[in-house]
Amino acid sequence: PGWMEAIRRKVAAALHLEPQQAVADAVPPPLADKGVTPSDWLQTWRSLEAWLEEASRGKAFKLILAFDEYEALHNYLHDDPAMGARLLAAMRSFSQRQNQVVFLFTGAKYFHELTDPDWGKYFVQSITLTVDYLSEADTLKLVTRPSEDFPIVYRDAVPEKIYALAQGHPALTQEICKELVDFAN
């Protein structure tokens with residue numbers, strides 16, 4: 001439930017909305033520490049999905065919920081595979097019956113590698129994309145011209161230094177550039 005409330009808060013902030021409180025007046029901290037039972041997962045998910053549907057209704061964009069290193073979520077679901085399976089089924093149902101909110105799961109494992117509950121069974125419509133390292137030319141282009149109107153001009157050798165540090169790793173390159181843009185702003 002705490003994870004789902006964090007999603008609600010982040011989406012509300014990104015869309016400049018007031019986050020409505022979810023289930024029962026509380027945002028529980030870690031599940032086991034506070035006696036939150038797995039049955040709360042499904043109840044909290046249903047509240048979150050109703051809120052997401054309302055928050056995204058009629059918008060001219062799709063809301064992408066990106067779950068980085070989603071295998072960590074699997075570790076919680078693995079503690080109660082039956083309830084975890086019910087939660088994954090609810091998430092699948094939500095993703096299939098509307099098209100305004102999209103899930104993007106990123107991680108080191110494929111769905112079929114995660115069992116009890118079996119993620120591959122619930123997200124059969126998923127598309128697997130492999131993200132590889134960028135070439136030096138692609139990294140330099142991404143650093144210096146991520147868009148046509150990109151206003152930052154780097155000193156000589158800075159883009160090359162970014163490539164040397166990140167070696168074309170997309171996430172590391174993005175993180176370095178984000179920090180530089182934040183600093184410039």
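**Loops, helices and strands**

Reader: Between which two elements is the loop in which P117 lies?

Author: This is a predicted model, in which local features need pLDDT of at least 70 and side-chain atom pairs count only at pLDDT 80 or more, while totals for chains, interfaces and linings use all residues. Residues are numbered from 1 along each chain as its sequence is written, and side-chain values use heavy atoms, with hydrogens and water left out. The peptide bond that runs from D116 to P117 is cis, with omega near 5°. Helices (DSSP runs of H or I, at least four residues) and strands (DSSP runs of E, at least two) are numbered from the N terminus, and the loop that holds P117 lies between β2 and α5.

Reader: How many helices and how many strands does the protein have?

Author: The order of the elements, read from the N terminus on, is α-α-β-α-α-β-α-α-α-α. The secondary structure therefore comes to eight helices and two strands.

**Buried and exposed residues**

Reader: What percentage of the 185 residues is buried?

Author: The answer rests on relative accessible area, where buried means under 20%, exposed over 50% and partly exposed in between (1.4 Å probe, protein chains only). Among the 185 residues of the protein, the buried share is 33%.

Reader: Which residues of helix α3 are buried, and within what arc do they fall?

Author: Helix α3 covers residues 71–79, and its buried residues are E71, L73, H74 and L77. Seen down the axis of α3, with the arc taken from the directions from the helix axis to the C-beta atoms, these buried residues line one face of the helix, because they fall within an arc of 140°.

Reader: Which residues are exposed on the other side of α3?

Author: Buried residues of α3 include L73 and L77. On the other side of this helix, the exposed residues are N75 and D79.

Reader: Which residues does K109 touch, leaving out those up to four places away in sequence?

Author: K109 has its place in the loop between β2 (101–106) and α5 (119–122), and its relative accessibility of 43% makes it count as partly exposed. Although K109 and E71 are 38 residues apart in sequence, they are 7.3 Å apart in space, C-alpha to C-alpha. With contact taken as heavy atoms within 4.5 Å, K109 touches Y70, E71 and L114.

**Salt bridges**

Reader: How many residues apart are R97 and E53?

Author: The side chains of R97 and E53 meet in a salt bridge (3.7 Å, N to O). This pair links distant parts of the chain, for R97 is in helix α4 (residues 81–97) and E53 is in helix α2 (residues 39–56), and the two are 44 residues apart.

Reader: Which residues are linked with E53 in a network of salt bridges?

Author: Both E53, with a relative accessible area of 24%, and R97, with 44%, are partly exposed. The network of salt bridges links E53 with E49 and R97.

**The largest pocket**

Reader: Which element gives the largest share of the lining of the largest pocket, and how many residues is that?

Author: On a 1 Å grid over the protein atoms alone, a pocket is an open set of points where a 1.4 Å probe fits, with protein on both sides within 12 Å along at least five of seven lines, and lining residues have an atom within 4 Å of a point. The largest pocket holds about 1,200 Å³ of space, a volume being the space filled by probe spheres set on the points, which are joined across faces, edges and corners. The closest to the pocket centre among its 32 lining residues are L104, F105, T106, G107 and L129. The largest share of this lining comes from β2, with six residues.

Definitions and conventions: Salt bridge = Lys/Arg side-chain N within 4 Å of Asp/Glu carboxyl O.
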